[in-house]
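Welcome! Here is a guided walk through one protein model, taken a few side chains at a time. Have a look at the sequence and the 3D view, then read on.

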Amino acid sequence: MIFWFIVKSIIWFLYKLVFQVKIEGVKNIPKQGGALICPNHVHFLDGPLVVVALNRRVNTMSKAEAFKPALLGWLMKKMGCFPVQRDKRDFGSLKKCITMLKKGELVTVFPEGTRNGLEKGKKLGKGAAFLLMSAKVPLIPVGITGKYKPFGKLKIKFGEPVSFEEFYGMEKDKEVYEKVNEKLLLNIQNQLTN
């Protein structure tokens with residue numbers, strides 16, 4: 001835990017040194033209990049930004065390729081990241097997420113599955129919807145705006161927790177996942193426009 005805090009502090013210092021970061025809505029993060037944090041994805045530095053913006057430890061699902069440089073992979077794991085195979089259905093990573101969420105931990109997933117997926121008009125995958133339905137935890141929608149360039153302005157906004165209780169018990173219905181994704185997307189978009 002001390003290692004995590006020290007590394008987080010160093011990363012936060014670097015973010016403040018290089019960017020003008022504005023954080024909103026941290027009060028919306030539950031002090032205890034599991035929640036699925038779902039930001040839009042604009043840059044590879046989004047994951048660390050979520051980690052440093054929060055006071056609670058957060059686990060982050062990251063693409064498996066990011067773990068390839070051994071030292072970086074080791075550091076990412078120490079900071080709560082775990083790999084997901086994006087080119088196939090990675091049930092192992094999904095099970096790991098569900099276990100963490102049910103244990104009361106925070107987990108970050110990027111429902112776009114790639115950077116700027118919303119801008120490119122890509123549909124959300126079913127992973128985040130599956131996690132919300134399976135773990136029965138609230139969603140924390142997150143909007144990240146701005147430019148990752150020296151002294152560029154960045155804003156990260158955490159929305160209020162959103163329940164998906166109305167969909168519990170309907171996991172077998174494929175249409176329900178589309179409705180969950182619509183609600184998920186709407187809540188992320190609301191953080192980008194407000």
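Is C81 buried or exposed? C81 is buried, with a relative accessible area of 15%; buried means under 20% relative accessible area, exposed over 50%, and partly exposed in between (1.4 Å probe, protein chains only). Before going further, please note that this is a predicted model, where local features need pLDDT of at least 70 and side-chain atom pairs count only at pLDDT 80 or more, while totals for chains, interfaces and linings use all residues. Residues are numbered from 1 along each chain as its sequence is written, and side-chain values use heavy atoms, with hydrogens and water left out.

Let us stay with the cysteines. A disulfide is a covalent bond between the sulfur atoms of two cysteines. Here, a disulfide is counted when a pair of cysteine sulfur atoms lies within 2.5 Å, and a search of the whole structure finds 0 of them. For C81, the closest cysteine sulfur is in C97, 12 Å away, which is too far for a bond. C38 also has its closest cysteine sulfur in C97, at 9.6 Å, and that too is too far for a bond. C38 counts as buried, at 0% relative accessibility.

Next come the aromatic rings. The structure holds 4 aromatic pairs; rings of Phe, Tyr and Trp (its six-membered ring) pair if their centres lie within 6.5 Å, and planes under 30 degrees apart count as stacked, over 60 as edge-to-face and the rest as tilted. One of the pairs is F19 with Y148, edge-to-face at 5.5 Å centre to centre and 90° between the planes. This pair links distant parts of the chain, 129 residues apart: F19 sits in the loop between α1 and β1 (20-24), and Y148 in the loop between β6 (139-146) and β7 (153-158). Helices (H or I, at least four residues) and strands (E, at least two) are DSSP runs, numbered from the N terminus. F19 counts as buried at 11% relative accessibility, and Y148 is buried at 15%. Another pair, F164 and F167, is tilted, with 6.3 Å centre to centre and 35° between the planes. F164 is buried, with a relative accessible area of 0%, and F167 counts as buried at 10%.

K183 lies over the face of F164, at 4.7 Å from the ring centre; a charge sits over a ring if NZ of Lys or CZ of Arg is within 6 Å of the ring centre and within 35 degrees of the ring normal. K136 lies over the face of Y168, at 5.2 Å from the ring centre.
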